[in-house]
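Grab a pencil and let's work through a couple of exercises together. Try each task yourself before you read its solution.

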Amino acid sequence: MTGLCFEHAFVINLDHRTDRWAKISENLAQVGIVAERFSATGVDDLLNDRPSMALKHFLQRVDGSSPSAEHKLQTTWACMRSHLAIIRLARDAGWPSVLILEDDCEFEPFTPVVLKRACEQLQGREWAALYLGGTLKKGGKKAAISANLCEVSRVRLAHAYMVNASVYQQILDEAPESGLPLDWYYSEVLQASANTLMVRPVLARQRLFDMSDIEQVERKPKYKTRQALQRWWARMRYGRSSY
């Protein structure tokens, strides 16, 4: 797809999750996004790179005690390492921005036309991160600044987002020391000080009926009338545009 605001995109994918790679590859081809596979950091790859005690204590406060607590701690840390490795690669290569996708990401059929318009509207604006999907948490803001862009804060999830070179080093320095999972660091720390945008309508969602490697649960649909109507309206307005 031409006219986009990124030249480099990566999909984080564990080596044994060939099923996920196959699904997202098909979906990306349908919407015209070219992305490279990035071999994800697994728990076995961490070796002496141990999760911080601050992160352990945070997860204990949020989730309480459970038999799966150690697994979640290790996989949460490994997930962060995968994202940071891509950002470090982008920094070292001098790329102005990079698109990071997780392999459970699924794009809407109207992605081509909306993404192209959003990238056009991004020109000349200062921004640190651009979310293609995510969840606005309580207390967050969402203010339209153009037809297909919003200024946001307290957006959670990190399955589809773009990072600007202006914050590469900040993320690399702060995220591991924050004591938070990466998407929480973004929502609670980075977004409080850096201009964060989000594409509207939402383009990327987490695939349903897919077992999470971190949570160890299958994502089930949660019907919300407002979101369903927004999605229906977006499909009617933008259609299944070709790229």
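Predicted model: local features only at pLDDT ≥ 70, side-chain atom pairs only at ≥ 80, totals over all residues.

Residues are numbered from 1 along each chain as its sequence is written, and side-chain values use heavy atoms, leaving out hydrogens and water.

**Exercise 1.** Work out how the axes of α2 and α3 cross.

Step 1: Find the helices, which are DSSP runs of H or I with at least four residues. Here α2 covers residues 53-63 and α3 covers residues 69-93.

Step 2: Check the axes: they come within 10 Å and cross at roughly 125°. So α2 is oblique to α3 (under 35 degrees is roughly parallel, over 145 roughly antiparallel, 65 to 115 roughly perpendicular, and the rest oblique).

Step 3: Look at who touches whom, with contact meaning heavy atoms within 4.5 Å. Leu 55, Lys 56, Leu 59 and Asp 63 of α2 meet Lys 72, Leu 73, Thr 76 and Trp 77 of α3.

**Exercise 2.** Describe the salt bridge between Lys 72 and Asp 63.

Step 1: Recall the rule: a side-chain nitrogen of Lys or Arg lies within 4 Å of a carboxyl oxygen of Asp or Glu. For Lys 72 and Asp 63, the closest N and O atoms are 2.8 Å apart.

Step 2: Sort by accessibility (buried is under 20% relative accessible area, exposed over 50%, partly exposed in between, with a 1.4 Å probe and protein chains only). Lys 72 is buried at 16%, while Asp 63 is partly exposed at 38%.

Methods:
Axes fitted to C-alpha atoms, helices over the stretch in contact; angles between N-to-C directions. Helix = DSSP H or I, 4+ residues; strand = E, 2+ residues; numbered from the N terminus.
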